[in-house]
Amino acid sequence: MLRFISGRLLKAVVILICITVLNFFLIHAAPGDPASVMAGEAGDADPAFLQQLRERFGLDQPLYVQLWIYVSSVMQLDLGYSYRQQLPVLQLISERLPATLLLSLSAFVISLGLGVAAGAFASARQGKWADTIISLAALIFYATPLFWLALMGVLLFSVQLGWLPGFGYESVGVNYTGIARAFDILQHLILPAMTLGLFFMAVYARMTRASMLEVSRLDFVKTAKAKGLRPAVIQRRHVLRNALLPVVTLAGLQAGQLVGGAVLIETVFAWPGIGRLMFDALSQRDYNLLLGVFVVSAAMVLLFNLITDVLYRLVDPRIRVAS
Amino acid sequence: MRRLLFASLAFSLTATAVLAQAVPGGKLNLIVQPEPPSVMIGITTNAPALLVGGNIYESLLRYDENLKPMPSLAKSWTISDDGLSYTFVLQDGVKWHDGKPLTSADVLFSVNDFLMKMQPRHRNLMTHVESVSAPDDKTVVFKLKEPFEAFIRGLSFYTMPILPKHIYEGTEYATNPANDKPIGTGPFKFDEWKRGSYIHLVKNPDYYLKGKPYLDELYYQVIPDGASRSVAFETGKIDVVPGGSVENFDIPRLRDLPNTCSTEKGWEYFAPLSWLWLNNRKPPMDNVKFRQAVMYALDREFAKDVLWNGYGKVATGPLSSKLPFYKNVAPTYAHDPAKAKALLKEIGYDGKPLKLLPLPYGETWQRWAEAVKQNLGDAGIPVEIEATDVAGWNQRTSNWDYDIAFTYLYQNGDPAIGVDRNYKTSQIAKGNPFNNVEGYSNPTLDTLFDQAAVAYPAAKRQELYDQAQKKLQEDVPVAWLLELGFPTIYNCKVQDLVTTASGLPESMRDAWIKK
């Protein structure tokens with residue numbers, strides 16, 4: 001297992017460098033640069049000012065020099081300096097990381113827990129009203145655009161009913177501490193986490209249901225039934241466990257995106273996370289910041305892919321034996 | 001003999017009158033959109049940075065809604081009869097937020113050193129200045145090379161914020177750590193910035209105007225989505241929505257909420273004017289009759305009434321009516337598609353489609369581009385809209401890679417500061433989207449603008465600007481659209497919210513909450 005993990009880690013580092021280089025060129029191929037955006041925001045500029053900005057940011061250097069400087073910095077775990085925000089990229093990302101992780105992990109737990117439970121429940125009652133309702137709800141949440149769900153959530157729970165705050169990470173200007181602060185953050189978290197979770201919940205529910213139905217037709221389930229096991233035990237121990245492989249794959253993919261943030265949800269709910277940071281960096285051509293977010297996100301995707309592969313080997317002994 | 005322009009006595013009396021009614025205490029929640037990169041306005045001068053930083057830093061003067069100078073850090077000033085010497089006397093008892101006293105040395109450092117290195121707008125203004133000196137701790141004298149009458153309107157926080165010498169001298173200005181925790185002289189002190197969430201300012205208890213500011217705290221909240229900003233105001237989480245922070249189609253709904261007030265005031269200094277750049281280098285835009293046809297084809301009343309909810313005003317020409325020296329000069333091009341068609345026929349326009357670059361600033365501008373496309377199409381000019389983001393728009397326009405492009409610019413208090421840069425031949429330079437991007441060149445107009453800038457006294461400037469406006473309106477180098485109106489929406493409990501021509505960034509020292 002250790003050899004497997006170290007081999008995969010080595011590959012991951014090579015892939016990460018390739019992704020960084022590719023992203024670097026993609027970003028620089030987009031029209032405009034941070035100097036022109038910053039001059040544009042100021043509403044005034046002269047050639048001296050633009051030149052001054054480009055020199056300050058090193059944008060007057062040839063592209064290959066800029067690339068070399070960037071990649072060698074990344075190799076030393078230095079993600080550089082944000083042109084626009086005038087702060088180290090690592091600091092900006094780490095400031096936003098807790099909010100993003102809280103939102104993504106909550107959505108992840110909600111969607112995985114409720115999605116798998118709903119899918120298992122529906123598959124056990126195939127063709128009955130519970131199955132129909134769950135399948136229909138899953139289809140609706142799967143097909144509805146997230147931003148629309150988010151806005152409807154705000155309209156209903158925040159504007160009409162006044163139950164939940166409609167934006168932000170916590171109440172501003174009240175200085176809660178301890179439990180009171182945690183409760184305040186939880187209140188702010190419910191709407192964005194539920195909205196973000198609904199989509200994946202629908203996916204997990206559909207996938208679990210389909211996979212469990214498929215597995216339940218296999219011979220070993222018939223054997224279990226013939227042995228006289230209770231249906232609940234068959235579903236939990238035999239069907240669900242064997243049906244989880246595609247769910248683990250999807251969970252791995254979703255987990256890889258945890259750090260990348262959720263641009264739409266973070267925007268609608270003014271959630272101070274990495275998704276919004278990335279979007280702003282893109283529109284402002286803040287190269288270092290954008291590349292920094294990409295590097296961190298890519299690293300997380302690679303890490304979770306690795307974890308998924310390890311989990312495969314634990315969940316399904318056939319893979320372990322085959323390799 | 002020197003003329004005393006303004007005495008602090010009158011101002012003090014006014015201030016006392018306001019003070020009599022105002023109630024101290026309370027906090028305000030405002031929107032700041034988008035989140036600024038920094039609030040150090042000696043370096044970053046975009047609108048959100050100014051909205052916050054304008055309460056931390058101050059300049060020598062403020063301006064009332066008629067652009068008449070008012071005291072700020074300067075309590076009084078005199079201008080010599082020949083218009084060449086401006087002497088400012090600083091307020092008594094002004095302290096930086098770290099407790100150090102403000103002196104004329106800070107003013108010298110700011111205008112001669114810091115801003116010369118960091119601020120293009122300031123550099124332009126200072127091209128008219130021969131020298132700046134400080135005869136004593138309280139006095140600053142600007143000697144001009146020529147009588148540049150616009151100078152008195154160029155001393156706002158927007159162009160000339162006064163910065164602390166003891167913090168910046170001898171340092172790398174762009175990376176000085178103080179940029180993140182700004183130290184100014186203003187009515188509010190920087191307290192905390194939770195990036196992505198809010199910026200918190202607190203009352204400066206040592207402010208030199210006794211009793212001010214009235215408010216204890218200001219929270220500038222970051223809410224990236226337009227619909228969510230509207231909801232935040234609707235649910236009472238936000239007290240003030242600065243002009244331009246929500247989409248226009250949300251404004252009537254918000255304005256009609258209970259206890260909600262709105263004002264268009266506070267934009268007199270910036271006087272944002274929108275227009276279509278018509279690339280004069282390319283046919284058919286190089287033909288004055290084609291450009292006139294575009295003007296006749298545009299239904300600007302529709303744009304004002306429908307797209308901008310009646311806010312703003314149809315532009316009559318290159319100067320906003322809020323600016324000194326504005327005159328309504330003919331021709332002003334009322335909507336007349338028949339006339340547009342006749343002009344196009346006269347020049348034998350072949351109907352070749354043109355590309356239109358909208359401003360990527362949200363839904364209102366997209367809708368406006370659609371309306372312009374329809375207007376021009378109705379007159380027989382087919383138009384294709386090209387989508388772009390802010391960076392792409394900057395690059396395309398500053399490299400002259402467009403046929404027709406939307407823009408709007410601040411006019412900054414005087415035509416010699418904020419208008420002539422868009423039409424003079426000397427202002428044609430690639431790589432800059434704030435100069436003569438359309439490529440119009442007319443030596444007669446160049447001379448008129450050059451003479452008008454340094455003519456003295458003001459009456460002489462008026463004559464020259466009248467001629468310049470007439471010439472431009474005949475030549476139509478760009479298609480002027482609207483004097484934009486950006487209403488500020490706020491809870492009616494907030495009083496004296498806008499007290500200067502620059503609006504919210506400068507007015508928080510006067511604002512208070514009715515109990």
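## The main core

In this predicted model, the largest nonpolar core has 186 residues. Two of them, B:F142 and B:W368, touch the most other members. Leaving out residues up to four places away in sequence, B:W368 touches B:S274, B:A303, B:L307, B:W308, B:F406, B:L481, B:L482 and B:L484.

There is also a second, separate core. This core has 23 residues, among them A:L103, A:L196, A:A262 and B:V231.

## Helix 11 of chain B

B:W368 is one of the buried residues of helix 11 of chain B. The helix covers residues 363-379, which makes 17 residues. From first C-alpha to last, helix 11 reaches 25 Å. That is close to the 24 Å expected at 1.5 Å a residue.

Which residues of helix 11 of chain B are buried? They are B:T364, B:W365, B:W368, B:A369, B:A371, B:V372, B:N375, B:L376 and B:A379. Seen down the axis of helix 11 of chain B, these buried residues fall within an arc of 165 degrees, so they line one face of the helix. An α-helix has 3.6 residues a turn, so residues three or four places apart point the same way. Just after helix 11 of chain B comes B:G380, with a positive phi of about 100 degrees.

## Chain B as a whole

Chain B has 16 helices and 22 strands. Its C-alpha atoms fill a box of roughly 70 × 55 × 40 Å along the principal axes. How does its radius of gyration agree with that of a compact globule, and what are the values? A compact globule of 515 residues would have a radius of gyration near 24 Å, and chain B, at 23 Å, agrees with this.

Of the 515 residues of chain B, 62% count as buried. Now take the contacts in chain B with a separation of 6 or more: residues 24 or more positions apart account for 72% of them.

## Chain A as a whole

Chain A is built from helices: it has 14 of them and zero strands. The C-alpha atoms of chain A fill a box of roughly 85 × 55 × 40 Å along the principal axes.

Of the 323 residues of chain A, 48% count as buried. Among contacts in chain A with a separation of 6 or more, 73% come from residues 24 or more positions apart. The accessible surface of chain A is about 16,000 Å². Carbon and sulfur atoms hold 69% of it.

## Two residues to look up

Find B:S320 in the loop between strand 15 (313-314) and helix 10 (337-347) of chain B. Is B:S320 buried or exposed? B:S320 has a relative accessible area of 1%, under the 20% cut-off, so it is buried. Not counting residues up to four places away in sequence, B:S320 touches B:A271, B:L273, B:Y326, B:Q411 and B:E483.

Now turn to A:T132, in helix 6 (residues 129-143) of chain A. Its relative accessibility is 49%, so A:T132 counts as partly exposed. A:A122 sits 10 residues away along the chain, and the C-alpha atoms of A:T132 and A:A122 are separated by 7.9 Å.

## Backbone details

Chain B has cis peptide bonds to look for. One joins B:P283 and B:P284, with omega about 0 degrees. B:P284 lies in the loop between strand 14 (273-278) and helix 8 (288-297) of chain B. Another cis bond runs from B:Y456 to B:P457, with omega near 0 degrees. B:P457 lies in the loop between helix 14 (443-454) and helix 15 (458-475) of chain B.

A:N175 is not a glycine, yet it has a positive phi of about 55 degrees. A:N175 lies in the loop between helix 7 (146-160) and helix 8 (178-216) of chain A. With a relative accessible area of 69%, A:N175 is exposed. B:D496 is not a glycine either, and its phi is positive, about 50 degrees. B:D496 is in the loop between strand 21 (494-495) and helix 16 (504-507) of chain B. At 32% relative accessible area, B:D496 is partly exposed.

How values were computed:
Residues numbered from 1 in each chain as written. Chains lettered and ligands numbered in written order. Predicted model: local features only at pLDDT ≥ 70, side-chain atom pairs only at ≥ 80, totals over all residues. Heavy atoms only, no water. Helix = DSSP H or I, 4+ residues; strand = E, 2+ residues; numbered from the N terminus. Expected span 1.5 Å × (residues − 1). Buried < 20%, exposed > 50% of the residue type's maximum accessible area, 1.4 Å probe, protein only. Arc of directions from axis to C-beta. Rg over C-alpha atoms; globule rule 2.2 N^0.38 Å. Contact = heavy atoms within 4.5 Å. Core = buried A, V, L, I, M, F, W, Y, C linked by side-chain atoms within 4.5 Å. Areas by Shrake-Rupley, 256 points an atom, 1.4 Å probe, with all protein chains shown as cover.
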